[in-house]
Amino acid sequence: MVAFSSGNHAQAIALSARLLGIPATIVMPEDAPAAKVAATREYSGNVVMYNRYTEDREQIGRDLAEKHGMTLIPPYDHPHVIAGQGTAAKELFDEVGELDVLFVCLGGGGLLAGSALSARALSPACIVYGVEPEAGNDGQQSFRSGSIVHIDTPKTIADGAQTQHLGEHTFPIIQKNVDDIFTVTDEELLASMRFFAERMKIVVEPTGCLGFAAARARKEELKGKRIGIIISGGNVDIVRYSEFLGG
């Protein structure tokens with residue numbers, strides 16, 4: 001099988017392939033966090049690097065699949081992937097019950113689309129917000145314009161959300177089941193990372209902080225409500241993490 005990803009999906013596919021005894025090739029950006037690349041390789045994934053600003057990872061993936069007869073597993077734009085990622089919210093609702101508001105980080109839309117479907121099924125009155133980096137607000141533009149907007153690869157510390165557009169499968173689900181999409185700055189992500197480290201003693205990568213950063217900025221209007229936040233990802237290089245916290 002072959003997949004393209006900045007790291008989290010890459011590791012999942014590499015590990016799944018190893019457990020199933022299937023060879024896997026993972027297309028990853030040259031500037032992906034070293035921890036994500038190392039973990040993917042340790043899971044027996046064959047990593048092919050590319051330049052995220054000048055090359056098209058989707059085309060590279062399609063070419064590899066065609067050349068070697070492999071199955072391409074996209075990081076977000078597939079019904080099965082959306083369903084799988086939506087189990088994050090399902091597990092949250094199963095554990096805590098219905099919520100008033102749910103914040104979910106947004107890149108290509110798989111996690112948000114899946115989480116929104118879980119919310120509609122398990123907590124119908126729950127307001128669902130997607131959150132993406134301010135520099136890469138293609139999702140917000142798409143949501144408000146009614147059609148998929150394509151942008152250049154955004155420059156943000158949230159490497160897991162450096163996508164250029166929502167998917168053909170994820171967008172209509174988001175349109176129908178998400179209430180709004182917010183953006184946060186890299187500075188707000190850094191502040192959230194520091195909060196998690198200092199107050200909660202957990203390591204969260206920038207992309208994983210998107211939902212919390214948006215909720216934190218709206219804490220006054222959220223008072224008295226039951227809030228859910230999907231914190232997705234703790235894959236960050238130790239050296240860069242220390243730079244983030246000390247910056």
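Predicted model: local features only at pLDDT ≥ 70, side-chain atom pairs only at ≥ 80, totals over all residues.
User: How are residues numbered, and which pLDDT limits apply?
Analyst: Numbering starts from 1 along each chain as its sequence is written. Hydrogens and water are left out of side-chain values, which use heavy atoms, while totals for chains, interfaces and linings use all residues, side-chain atom pairs count only at pLDDT 80 or more, and local features need pLDDT of at least 70.

User: Which domains does the domain assignment give, and how far apart are their C-alpha centres?
Analyst: Bounds come from an automatic or database domain assignment. Domain 1 covers 2–68 and domain 2 covers 79–246. Their contact (heavy atoms within 4.5 Å) takes 11 residues from domain 1 and 14 residues from domain 2. The C-alpha centres of domain 1 and domain 2 lie apart by 23 Å.

User: What is the strand order of the open sheet of three strands?
Analyst: Strands (E, at least two residues) and helices (H or I, at least four) are DSSP runs, numbered from the N terminus. Two strands pair if DSSP finds at least two bridges between them. The pairing in this open sheet is parallel, and the order is β1-β2-β3.

User: Which strands stand at the edges?
Analyst: An edge strand here has a single partner strand, so one of its sides is left without a neighbour in the sheet. The strands at the edges are β1 (2–4) and β3 (46–50).

User: What angle does the direction of helix α1 make with that of β2?
Analyst: Axes are lines fitted to C-alpha atoms, for helices over the stretch in contact, and angles run from 0 to 180 degrees between N-to-C directions. Helix α1 (residues 8–20) packs on the sheet and touches β1 and β2. Its direction makes with that of β2 an angle of about 165°.

User: Why are α9 and α11 called roughly perpendicular?
Analyst: Angles from 65 to 115 degrees count as roughly perpendicular, under 35 as roughly parallel, over 145 as roughly antiparallel and the rest as oblique. The axes of α9 (residues 186–200) and α11 (residues 238–246) come within 9 Å. Therefore α9 and α11 are roughly perpendicular, as they cross at roughly 105°.

User: Which residues of α11 make the contact with α9?
Analyst: From α9 come L190, M193, R194 and A197. From α11 come Y241, F244 and L245.
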